[in-house]
Amino acid sequence: MALLDGKIALITGGSRGIGAALVRAFHGAGAKVAFTYRSSAGPAEALVGELGENVRAYQSDASDYAGAEQLIKTVTEEMGGLNVLVNNAGITRDTLMLRMNEEQWDSVLDNNLKSVFNLTKHAMRGMMRGGGSIINMSSIVGIQGNAGQANYAASKAGIIGFSKSIAKEMGSRNLRCNVIAPGFIETDMTDELPEQVKQSYLATIPLKRLGRPEEIADACIFLASDMSSYVNGQVLSVDGGLS
Ligand code: NAP
């Protein structure tokens, strides 16, 4: 029996990067998978075409409260329930604080933190019935901070406080909530970094390489599965030893 047999999962931001690796891995582990994207319909459709049965894509902006409510309703009806929610969608708008404007602050907080509230708020009532697992994607930057990422760090630190609170509120309903804090993972997000910055990160990572999206997916499968049935309110760093 595969680790996620019988589970129905929703993954936000599944069209690219870590999210796409999660979709593939959850599908491979036996789950029925719904995933969202905001604008990249082409890669989303290609992923559904690649995996076929039991995988569906939904265009939905995670920062939109009403849109999240509609999404949860549609996914629950079309997939037949919901056991696992992975709040993975996220963006960066990096700049030093002296230059940061209100739009750069608001867009990162809305897409990275308000999105987690939106999806969790609308999903938790249904997930309470059969028990379930919520996994929220933070970052090592939310724990340690990073120059040029005050907005991103604040959003990712907020996810940790939020998740620990939900774990305490919902534990008695057998609804667990945990956090993954990736280090530097090879995706479009880190591709944008200047080569010099990448090299300076590499020098500080004990494993001397960036992580692969599949390595984040493996940790998420653990937290989604019954293998982690007594793990609640935790932050699991997957960062090659950086933290
Ligand atoms: P990515 O390659 O840039 O992909 C981001 C994904 O999120 C895309 O599928 C994108 O959809 C989706 N998305 C963004 N905003 C959205 C919204 N408002 N509603 C719905 N979908 C939205 O990013 P990634 O590197 O895979 O990162 C995934 C998560 O891991 C993020 O939360 C990120 O902060 C976190 N993380 C990444 C790293 C890293 O090193 N890569 C490290 C630590 C944490 P579209 O394709 O439609 O734009």
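Which residue forms a salt bridge with R16, and how far apart are the closest N and O atoms? The partner is D188, and the closest N and O atoms are 2.8 Å apart.

## Basis of the model

This is a predicted model: local features need pLDDT of at least 70, side-chain atom pairs count only at pLDDT 80 or more, and totals for chains, interfaces and linings use all residues. Residues are numbered from 1 along each chain as its sequence is written, and side-chain values use heavy atoms, with hydrogens and water left out.

## The D188–R16 pair

A salt bridge here is a side-chain nitrogen of Lys or Arg within 4 Å of a carboxyl oxygen of Asp or Glu. Searching the whole structure gives 8 salt bridges. One of them joins D188 to R16. D188 sits in helix α7 (residues 188-191) and R16 in the loop between β1 (8-11) and α1 (17-28), so the contact ties together parts that are 172 residues apart in sequence. Helices (H or I, at least four residues) and strands (E, at least two) are DSSP runs, numbered from the N terminus.

Accessibility has three classes: buried is under 20% relative accessible area, exposed is over 50%, and partly exposed is in between (1.4 Å probe, protein chains only). D188 has 40% relative accessibility and counts as partly exposed. R16, at 45%, is partly exposed.

## A pair within helix α3

E77 and K73 also form a salt bridge. Their closest N and O atoms are 3.7 Å apart. Both residues lie in helix α3 (residues 65-79). They are 4 residues apart, so about one helical turn separates them. E77 is exposed at 58% relative accessibility, whereas K73 is partly exposed at 48%.

## The R209, R212 and E215 network

E215 meets R212 through their side chains, with an N to O distance of 3.2 Å. This contact is a salt bridge. Salt bridges with shared partners join R209, R212 and E215 into one network. E215 is partly exposed at 23% relative accessibility. R212 is partly exposed at 40%.

## Positive phi at two asparagines

Most residues other than glycine have a negative phi. N54 is not a glycine, yet its phi is positive, at about 70°. N54 lies in the loop between α2 (41-51) and β3 (55-59). Its relative accessibility is 39%, so N54 counts as partly exposed.

N174 has a positive phi too, of about 60°, and is not a glycine either. The loop that holds N174 runs between α6 (150-170) and β6 (175-182).
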